[in-house]
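Open the model in your viewer and keep the selection tool at hand. The stops below say what to pick and what is found there.

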Amino acid sequence: MRKSYVVIGLGRFGGSICRTLMESDHEVLAIDSCEERVNEYMNIATHAVVANAQDEATLRSLGLRNFDHVIIAIGEDIQASILVTLMAKEMGVPRITAKAQNEYHARVLDKVGADLVVHPERDMGIRIGHKLTSNNMLDFIELSDDYSLVEVIVTNKKFYNKTIEEVNFRRHFHLTIVAIRRGKSELIISPPANQLILENDILLVVGTNKDVDYFDGKMN
Ligand code: ATP
């Protein structure tokens, strides 16, 4: 369904959100106080305006509350990001996502009404950190503080040509295989118990961080 979004702050983060929403065929009002940045998005966003989002009258005149979702992607100016989040909440915006610079900032954004607080730098650091410390983990997505979805490449011959059932995944590793990526184009979603595991298969598994690390360790 086509939805309407406002992206406030067109840095790298807000800018890539804006592009992605437009590619998915949504309506986007892009706002930044820097004219140069706004000019870059003139032909990308549905509308792009130069405005200081800290100015409440401006936000009201742009009709902020009529949009489905407002994304506050102001970076360094923490005070501005908090104030704009608070004003968007007071105006009755149905859904607010705000970017936090650090944990304290995140706590305040949560208190003043952000529905979702994101930490792109921290999350990317965690993802890359996991990749760097493991040869077999290709990707890592934190689902909660305890659970993750990871991609692990099978490089231990103990697993080659065995079925999921024979490896006894659930019992031995307490993990669920949600998909297997094979070669360049094959993707086996929700593989059955009799699915064979082959050398260099990439397993997408869900489990606790501890179990995921344990399984990854078995690949060395
Ligand atoms: P990124 O990492 O996403 O590139 P950043 O963390 O470096 O961003 P900034 O460059 O500080 O973040 O802010 C992102 C954008 O938000 C900038 O283009 C800036 O002009 C804009 N911005 C900052 N304050 C305001 C404001 N009060 N009103 C509108 N735009 C603002």
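Predicted model: local features only at pLDDT ≥ 70, side-chain atom pairs only at ≥ 80, totals over all residues.

Keep Ile-128 selected and show the cartoon. Ile-128 belongs to helix 6, which covers residues 120-132. Is Ile-128 buried, partly exposed or exposed? Its relative accessible area is 40%, so Ile-128 counts as partly exposed; that class lies between buried, under 20%, and exposed, over 50%.

Next, colour the chain by domain. Select 4-118 for domain 1 and 123-218 for domain 2. The centres of domain 1 and domain 2, taken over C-alpha atoms, are 36 Å apart.

How many residues surround the ligand? There are 19, and the closest are Arg-12, Phe-13, Asp-32, Arg-37 and Asn-52.

- Arg-12: a backbone N or O atom is 2.7 Å from an oxygen atom of the ligand.
- Phe-13: a polar backbone atom lies 2.7 Å from an oxygen atom of the ligand.
- Ser-33: a backbone N or O atom is 3.2 Å from a nitrogen atom of the ligand.

Finally, show the surface of the ligand. On its own the ligand exposes 630 Å², and the protein buries 84% of that area.

Terms used. Residues numbered from 1 in each chain as written. Heavy atoms only, no water. Domains from an automatic or database assignment. Helix = DSSP H or I, 4+ residues; strand = E, 2+ residues; numbered from the N terminus. Buried < 20%, exposed > 50% of the residue type's maximum accessible area, 1.4 Å probe, protein only. Near = heavy atom within 4 Å. Polar contact = N/O pair within 3.5 Å; in protein donor to acceptor, adjacent residues only side chain to side chain. Areas by Shrake-Rupley, 256 points an atom, 1.4 Å probe, with all protein chains shown as cover.
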